[in-house]
Amino acid sequence: MKTFSVVLSLVLLAIGLSTLVYIESAPNEGARAARMRGCVLCHGSNWATQPLSCLKQHRHGQPLLPLIRQCMLQAHPTLPGTDAELLTRTIAARQLPLLARSKQADQGAALYAAKCAVCHGNNGQGQQGLYPPLQGSEWLSPSPHRPSLESIITHGLEGPISVKGEAWNSTMLPPGITDPQELQTLINYLQRFR
């Protein structure tokens with residue numbers, strides 16, 4: 001019984017509250033096991049931490065509940081109405097922030113590709129002898145001894161500087177991002193190179 005409690009706790013963490021509610025509301029142990037297996041088999045083990053593929057068509061400002069309900073009923077036509085409604089609401093609560101983060105990451109990638117990649121490379125690897133790498137760069141972490149990323153993007157940067165122990169002496173012109181929201185989106189995206 002103790003092992004079952006530990007396993008149940010891990011399931012709660014791994015696949016999220018909405019799935020657990022659905023699984024636990026099954027009428028018997030066999031149905032519970034089938035529901036658990038089904039969710040993970042179709043959606044993968046990280047579905048509770050990543051946007052669901054069926055929701056990729058969601059657009060900002062569009063109501064999410066009808067889309068989830070439609071997707072759920074297409075994929076699970078025999079799901080009882082009360083189960084469908086319970087899952088629709090709990091999945092929406094979990095997926096909305098994930099979709100927002102995913103959209104921001106897409107916007108950050110587009111800004112990086114348009115404004116930074118030509119010098120710093122598609123993957124932040126830099127260009128040997130010309131432009132320093134961003135991958136693993138200490139410049140992506142705050143320090144009282146360096147200008148902030150916000151300042152560098154807004155005003156540019158002039159060498160000499162040291163990146164990952166290598167000396168660089170060039171000029172980075174500001175990439176022309178003046179909108180505060182775009183600036184924060186790009187900074188958030190750059191953090192993936194840390």
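Biologist: Does tyrosine 189 count as buried or exposed?

Modeller: This is a predicted model, in which local features need pLDDT of at least 70, side-chain atom pairs count only at pLDDT 80 or more, and totals for chains, interfaces and linings use all residues. Residues are numbered from 1 along each chain as its sequence is written, and side-chain values use heavy atoms, leaving out hydrogens and water. Buried means under 20% relative accessible area, exposed over 50%, partly exposed in between (1.4 Å probe, protein chains only). The relative accessibility of tyrosine 189 is 12%, so it counts as buried.

Biologist: What is the relative accessible area of tyrosine 112?

Modeller: Tyrosine 112 forms an aromatic pair with tyrosine 189. Tyrosine 112 is buried too, with a relative accessible area of 2%.

Biologist: How are the planes of tyrosine 112 and tyrosine 189 set, and what is the angle between them?

Modeller: Rings of Phe, Tyr and Trp (its six-membered ring) pair if their centres lie within 6.5 Å; planes under 30 degrees apart count as stacked, over 60 as edge-to-face, the rest as tilted. Here the centres are 5.7 Å apart. The pair is tilted, at 40°.

Biologist: How far apart in sequence are tyrosine 112 and phenylalanine 193?

Modeller: Their ring centres lie 5.3 Å apart with planes at 55°, so this pair is tilted as well. Tyr112, Tyr189 and Phe193 form one aromatic cluster. Helices are DSSP runs (H or I, at least four residues), numbered from the N terminus. Tyrosine 112 lies in helix 5 and phenylalanine 193 in the segment after helix 8, so the pair ties together parts separated by 81 residues.

Biologist: At what angle do helix 5 and helix 8 cross?

Modeller: Axes are lines fitted to C-alpha atoms over the stretch in contact, with angles from 0 to 180 degrees between N-to-C directions. Angles of 65 to 115 degrees count as roughly perpendicular. The two axes come within 8 Å, and they cross at roughly 90°. That makes helix 5, relative to helix 8, roughly perpendicular.

Conventions. Helix = DSSP H or I, 4+ residues; strand = E, 2+ residues; numbered from the N terminus. Parallel < 35°, antiparallel > 145°, perpendicular 65-115°, else oblique.
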